[in-house]
Amino acid sequence: MVRGMQKIYINDISPGTFIAKDIYNSCGTMLVSKGTVIMDRFIKQLEDTGITELFVEDASFESVEKNSCDDSGLFDKEQQKLPINGIINEKTRIQAQMQVKKIMVRYSAHSHVNIDKIYKIVENIIEQLLSRSEIILTLSQLRSIDDYTYEHSVNVSVLSLIVGIDMSLGKEALGNLGTGAMLHDIGKAVIPDSVLKKPSKLTSSEFNEIKKHSEYGYEILSKIGLPEEAALIALHHHEKYDGSGYPMKLKGNEIPLYSRIVAIADVYDAISNDRVYKRKFSPDKVFRQIAQLGNTHFDPEVMGKFVSHLTLYPNGSGVILNTNHKGIIIGQNRFLPQSPVVRIFRKGRSDIGNRYTDVDLSQTKFLYITDTF
Ligand SMILES: [Fe+2]
């Protein structure tokens, strides 16, 4: 039996569903292991610990499989591992988030900050990324369940490292890129909560104060002993390729490479979080938003590397085409993530073997994806 995986809100879960990924609390303790059947009381307990979303095995795949195909057919062995694999293991992610939190809280309390631990964690992440033959991300894959800032910091680091590895950076360079990326927003630690977490609209002077987190971040990272190339990530991660960013309005390659990489990872993760949070999750729209910004905000070369690791519609996911036909994604076009290969199901045919047709959307102008199911 082939099962996929999907992330759902805890309120939407039904008892009897299988958990598809280990669940940890914010201290790194495992609460529920993969394969556990969720019972009513678990749902309540998980809610009490503040967990809002989790990965479950996706029953909808089974129904597609049973109703539409013969045994030989829909998913081959390779695809059974998909659609969603963790990019880094959950324990490392939690450790990283805790470490970023510790550094930010300690720094704002004027206590001693130790950067060795975070370098170790980044090294561990790099090892995990390097051990994969191919890194393909799905849009919601990096989202987890903890405090946004720390989760975002780890995501930006992982995304930046994926690009760094693609650019064949050496291990020391990757260590600096990953660590600087993880602490890119550390300057926020010295901005008062009254401004940072203000629920109402910011005044222009408050907004200017928040913008200073880049410069504060650079000072902090230099002070706690990060190499210059890592500290510069904090300083320049809000510069834009066309020169319209801050704090120095640097343009093009005047912006250090690591900051150009982190700039894309930062915006990408923020947009996908926003969409997941508002439940307006449309991979295509996120992709288009990023691609549009690519003309002005981002280095096109870095952007190309980034996009080549993105899959909008993971293998095994269900899509609806402009013709209203339903299909299942069975393959990807690496540089055209919006045009994957789809197995389209035909209605009303009795001969099982011919119930579907495989179409490479990059080879046709007339068929495109309009929705997911
Ligand atoms: Fe920032």
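Let me start with the iron ion: along the chain, its donors follow the spacing D-x27-H-x23-H-H. This is a predicted model, so please keep that in mind throughout. The protein donors are Asp185 through OD, and His213, His237 and His238, each through NE2. They lie 2.2 to 2.3 Å from the iron ion.

What is the geometry of the site? It is irregular, with angles of 82 to 170° among the four donor atoms.

His213 lies in helix H10, residues 213–223. His238 is in the loop between helix H11, residues 228–236, and helix H12, residues 257–277. The pair therefore ties together parts that are 25 residues apart in sequence. As for accessibility, His213 is buried, at a relative accessible area of 2%, whereas His238 is partly exposed, at 21%.

Staying with helix H12, I want to point out Arg260, which sits in that helix. Is Arg260 buried or exposed? Its relative accessibility is 12%, so Arg260 counts as buried. Apart from neighbours within four places in sequence, Arg260 is in contact with Tyr241, Gly252, Asn253, Ile255, Asp299 and Val302.

Last item, a helix pair. Helix H5, residues 116–130, packs with helix H6, residues 148–166; the angle is about 55° and the axes are 10 Å apart. The two are therefore oblique to each other. H5 passes H6 in a right-handed crossing. Which residues make the contact? From H5 they are Val122, Ile125, Ile126, Leu129 and Leu130. From H6 they are Val158, Leu161, Ile162 and Ile165.

Technical notes:
Residues are numbered from 1 along each chain as its sequence is written. This is a predicted model: local features need pLDDT of at least 70, side-chain atom pairs count only at pLDDT 80 or more; totals for chains, interfaces and linings use all residues. Side-chain values use heavy atoms; hydrogens and water are left out. Donors are N, O and S atoms within 2.8 Å of the metal (3.2 Å for Na, K and Ca); water is not among the atoms, so sites may look incomplete. Four donors count as tetrahedral if all angles lie between 85 and 135 degrees; four count as square planar and six as octahedral if opposite donors are over 155 degrees apart and all others between 65 and 115; anything else is irregular. Helices (H or I, at least four residues) and strands (E, at least two) are DSSP runs, numbered from the N terminus. Buried means under 20% relative accessible area, exposed over 50%, partly exposed in between (1.4 Å probe, protein chains only). Contact means heavy atoms within 4.5 Å. Axes are lines fitted to C-alpha atoms, for helices over the stretch in contact, and angles run from 0 to 180 degrees between N-to-C directions. Angles under 35 degrees count as roughly parallel, over 145 as roughly antiparallel, 65 to 115 as roughly perpendicular and the rest as oblique. A crossing is left-handed if the near helix is turned anticlockwise from the far one by less than a right angle, and right-handed if clockwise.
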